[in-house]
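Colleague: I've just opened this one and could use a quick tour. Shall we go through it piece by piece?

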Amino acid sequence: MAPTDETGQTAPQSSPFGTTPPTRPPAGGAAGPNGRMPRWLPRAMVLALALVAVFQLGSWAFHQLTGLLINVLIAFFLALAIEPAVSWMASRGMRRGFAAFVVFIGVVIVAAGFVTLLGSMLAGQIIKMVEGFPDYLDSVINWVNAHFKTDLKRVDIQEGLLRSDWLRNYVQNSATGVLDVSAQVIGGLFQLLTIALFSFYFAADGPRLRRTICSVLPPARQAEVLRAWEIAVNKTGGYLYSRGLMALISGIAHFVLLQFLDVPYAPVLAVWVGLVSQFIPTIGTYLAGALPMLIAFTVDPWYALWVLIFVVIYQQFENYVLQPKLTSKTVDIHPAVAFGSVIAGTALLGAVGALIAIPAIATLQAFLGAYVKRYDVTDDPRVHGHRRGEGPGLLTRARGLWAARRQGEGRQGEPRPTDEEAGPDGS
C-alpha cells in the first residue's frame, strides 16, 4: 500500500537514484494561471486585422479614385481663378449661376478658337509636306546618284516600299492603334466634361460651399478657413490674369516680328508663343519659340536665326522689366522657388501639377507669411555679402560719394535762415 500524507493524497515516491520524478499535469490538460492567454489579446488581434483591412481598402479606393480626385483639384483651382470675375458680375446684380455660365462660355470660346486655329495650321503644314514629298524625294535621289554613282529611280523606291513587310506591319499596327486613340479621345472629352461641371458647381455655389465647410468648425477656425480661401482666390486669380496679360503682350510682340518677316500663320504662331511661354514657367519661352523657328526656317534659314535672337532678347525684357511690374501685387515668387515648385508639381501630378504649382505655392506662402514674425535686419556687412572687417566695394563707395555730393548741392541751393529764424548761436 502506497504511503499517504496528512491530506490523504498519495505521496510521491522517491526514485531509487535519489531524485523526485516529475509531477504529472492535472487531468483534462488545463493550464495553470500563468499559462492562460490574456483576455485582451484576441480583441487586439481582431482590431489589428481590421485596421489592416481598412488600410488596404482605403489604399485600393484611393488608387481607383486618383483620376477623379485630380479632376476635382483642377476644377477647384479653375473655379478659384474665375471667382473674381464671377463675384464682380454677381455684385452688379447678375445671378451667380448665370455669371459663372457666362464666364465658362467665354473660356470655352477662346479655347476652341485657339485649338481650331492651331489645328488648321498643322493641317496646312502637313498637306504642304505631303504635296511636296515627291519633289523632296527626287532631290534626295539626285544627290545620292551624283555623289555615289548610283542609278536609283523614284518609281523603284516607291514599289519597294509598297511591297515591303515593314509597311504592311506598320499599317496593321496603325489600324489597331486607331481604336486606342479613339478611346483616349473619348476619355479626354469625358475628363474635360467632368472638370467643367465641377468647376461650374464650385464657382456657382461658392458661398454655399463655404457656409457648409464653416458650419462644422468653431468660430476661430472659420475665420482662418475664410482667410485662406480669400488668399487662394486672390493669388490664383492674380496669377491667371497677370499671365494672361503677359501672354497678350508676348503674342503681339511676336506677331509683329513674324508678320514683318512674312512667316506664314503668324497670328496662330503668336497665340501659341504667348500661351506656352507664360503658362510653362522658366523654359516655356524657349519651348514656344521652337515652332516659329521651324516654320521660319522653311521660308529662309536666316529668318529662324532672327526669331531666335528676338526670343532671347524678349525673354530678358520680360524677366527684368515686364514680369516684376505685373506680378509684384499678385504672385510675387522668386524664380528659383517657382521653378522648383513646377518640378515638384510635375513629379507629383504630371502636367496638372506643373499648372497649379505656382498658385498653390503662392497661396501657401501668403498664408504662412501672416503667422511668421519678422524682425529688423541688423546692419552687419555680412548681410550685404561682405566679410567682417571688409569695407564696401568700389561701386558702393562711389554711389555713396555721389549721393553725399548731391545732398550737399541741395543744401547749398536752400535759402539761408534770417536772423529772426536763426537761434541764439546763429545756427
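Predicted model: local features only at pLDDT ≥ 70, side-chain atom pairs only at ≥ 80, totals over all residues.

Colleague: How many helices and strands does the chain come to?

Modeller: Reading from the N terminus, the elements go α-α-α-α-α-α-α-α-α-α-α-α-α. That makes zero strands and 13 helices.

Colleague: What share of the chain counts as buried?

Modeller: Buried means under 20% relative accessible area, exposed is over 50%, and partly exposed lies in between (1.4 Å probe, protein chains only). Of the 427 residues, the buried share is 23%.

Colleague: At what angle do the axes of α7 and α8 cross?

Modeller: Two packed helices are described by the angle between their axes and the distance between the axes. Axes here are lines fitted to C-alpha atoms, for helices over the stretch in contact, and angles run from 0 to 180 degrees between N-to-C directions. Helix α7 covers residues 219-260 and helix α8 residues 266-279. Their axes come within 7 Å, and the crossing angle is roughly 145°.

Colleague: How do the residues of that contact divide into nonpolar, polar and charged?

Modeller: Contact means heavy atoms within 4.5 Å, and among the residues that meet are Y239, R243 and F255 in α7 and P267, V273 and F279 in α8. Ala, Val, Leu, Ile, Met, Phe, Trp, Tyr, Cys and Pro count as nonpolar, Asp, Glu, Lys and Arg as charged, and the others, Gly among them, as polar. The contact of α7 with α8 has one charged residue, eight polar and 13 nonpolar.

Colleague: Is T285 buried or exposed?

Modeller: T285 sits in helix α9 (residues 284-299). Leaving out residues up to four places away in sequence, T285 touches S277, V311, Q315 and E318. Its C-alpha is 7.0 Å from that of V273, twelve residues apart along the chain. With a relative accessible area of 5%, T285 is buried.

Colleague: What kind of aromatic pair do W143 and F148 form?

Modeller: Rings of Phe, Tyr and Trp (its six-membered ring) pair if their centres lie within 6.5 Å; planes under 30 degrees apart count as stacked, over 60 as edge-to-face and the rest as tilted. The structure holds nine such pairs. For W143 and F148 the centres are 6.1 Å apart, with 75° between the planes, so the pair is edge-to-face.

Colleague: And what kind of pair do F310 and Y314 form?

Modeller: These two are four residues apart in helix α10 (residues 301-327), so about one helical turn separates them. F310 is partly exposed at 25%, while Y314 is buried at 8%. Their rings are 6.2 Å centre to centre with 20° between the planes, and the pair is stacked.

Definitions and conventions: Residues numbered from 1 in each chain as written. Heavy atoms only, no water.
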